[in-house]
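I opened my notebook to keep track of what I looked up in this structure.

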Amino acid sequence: MNKYALIGLGIVFIVIGFAVKDQSWTRPEMFSGLQLDLGKTITNIGVFLVFIPVINMYFYVPLKEAMDARNQELESTFSEAEQLRTQMQTLKTDYEARLTETEAEARFQIQNQIKEAQNLRQQLMTEAAERADALVRQAQLEIEQEKAHAIATIRTHVVDLTLAAAQKVIGENMDSEKNRRLIAEFIDTVEVAS
């Protein structure tokens, strides 16, 4: 029902209640044992009908609006909380995926570094072995050269000593080139025989 119609009906009831209040047929003694004053009752109904829209307008409507606003605010808060929970779950999933990816990448890099270190170790070992072999070959070559030089030096000394000894024994000068050649050939034949 329209609020203006209720107010109008309430005013009509109030006017009727005041109008019948002093009538003899509305007195309480007329209603066999009931203490009912018909004029006051009709007036009270009219007042009630007038106050329904007033209460509705000043109490119920603002209260309903406040409750609706609070419900909307709660729904918004719950919706925002659900969005935040979903966003947090997404961030957690992304973080775990990135963490797993980072761990896998770190393991991969560690394995690569280990392989590189092993390859470098093997390369260094190979280079060291090659250097050692080269040094051994060079040392052997130098030893052979020194040995050949020492033998040549000893041979020259032996020839000189032999000539000096033979010269003392024979008393002649045996310093000629021919004698040296003969002694060197003799030493060579002695070396080949031993």
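Predicted model: local features only at pLDDT ≥ 70, side-chain atom pairs only at ≥ 80, totals over all residues.

**Entry 1: salt bridges**

I began with Glu82 and Arg85, whose side chains meet in a salt bridge of 2.7 Å, N to O. I noted the rule: a salt bridge is a side-chain nitrogen of Lys or Arg within 4 Å of a carboxyl oxygen of Asp or Glu. Both Glu82 and Arg85 lie in helix H2, 3 residues apart, about one turn of the helix. Helices here are DSSP runs of H or I with at least four residues, strands are runs of E with at least two, and both are numbered from the N terminus.

Residues are numbered from 1 along each chain as its sequence is written, and side-chain values use heavy atoms, with hydrogens and water left out.

My cut-offs: buried is under 20% relative accessible area, exposed is over 50%, and partly exposed is in between (1.4 Å probe, protein chains only).

- Asp68 and Lys64 meet in a salt bridge at 3.1 Å, N to O. They are 4 residues apart in helix H2, so about one helical turn separates them. Asp68 is partly exposed at 33%, and Lys64 is partly exposed at 40%.
- Glu73 pairs with Arg70, and their closest N and O atoms are 3.2 Å apart. These two sit 3 residues apart in helix H2, which again means about one helical turn. Glu73 has 45% relative accessibility and is partly exposed, as is Arg70 with 44%.

**Entry 2: the whole protein**

Next I stepped back. I found 3 helices and 0 strands, and from the N terminus on the elements run α-α-α. Of the 194 residues, 10% count as buried. The protein exposes about 16100 Å², and carbon and sulfur atoms supply 62% of that. I noted that accessible areas come from the Shrake-Rupley method with a 1.4 Å probe, and that for residues only the protein chains shown count as cover.

I also checked contacts, meaning heavy atoms within 4.5 Å. Among contacts with a separation of 6 or more, residues 24 or more positions apart account for 55%.

**Entry 3: helix H1**

How far apart are the end C-alpha atoms of helix H1? They are 25 Å apart; the 18 residues of H1 (residues 3–20) should span 26 Å at 1.5 Å a residue, so the two values agree. The expected span is 1.5 Å times one less than the number of residues.

Which residues of H1 are buried? They are Leu6, Gly10, Ile14, Gly17 and Val20. Seen down the axis of H1, its buried residues fall within an arc of 140°, so they line one face of the helix. That arc is taken from the directions from the helix axis to the C-beta atoms. On the other side of H1, I found Tyr4, Val15 and Phe18 exposed.

I then looked up Thr43, which is in helix H2. Thr43 is buried, because its relative accessible area is 11%. Leaving out residues up to four places away in sequence, Thr43 touches Phe13, Ile14, Gly17 and Phe18.

Phe48 also lies in H2. Phe48 is exposed, with a relative accessible area of 53%. Its C-alpha atom is separated by 9.7 Å from that of Phe13, 35 residues away along the chain.

Phe51 and Gly10 are 41 residues apart in sequence, yet 8.4 Å apart in space, C-alpha to C-alpha.

**Entry 4: a nonpolar patch**

Phe51 turned up again in a nonpolar surface patch of about 680 Å², together with Ile55, Phe59, Tyr60, Val61, Leu63 and Met67. Patches are made of residues with over 30% relative accessible area and no salt bridge; like charges are joined within 9 Å, and nonpolar side chains (Val, Leu, Ile, Met, Phe, Trp, Tyr) within 5 Å. I picked out Phe59, which is in helix H2 (residues 38–170). At 52% relative accessibility, Phe59 counts as exposed.
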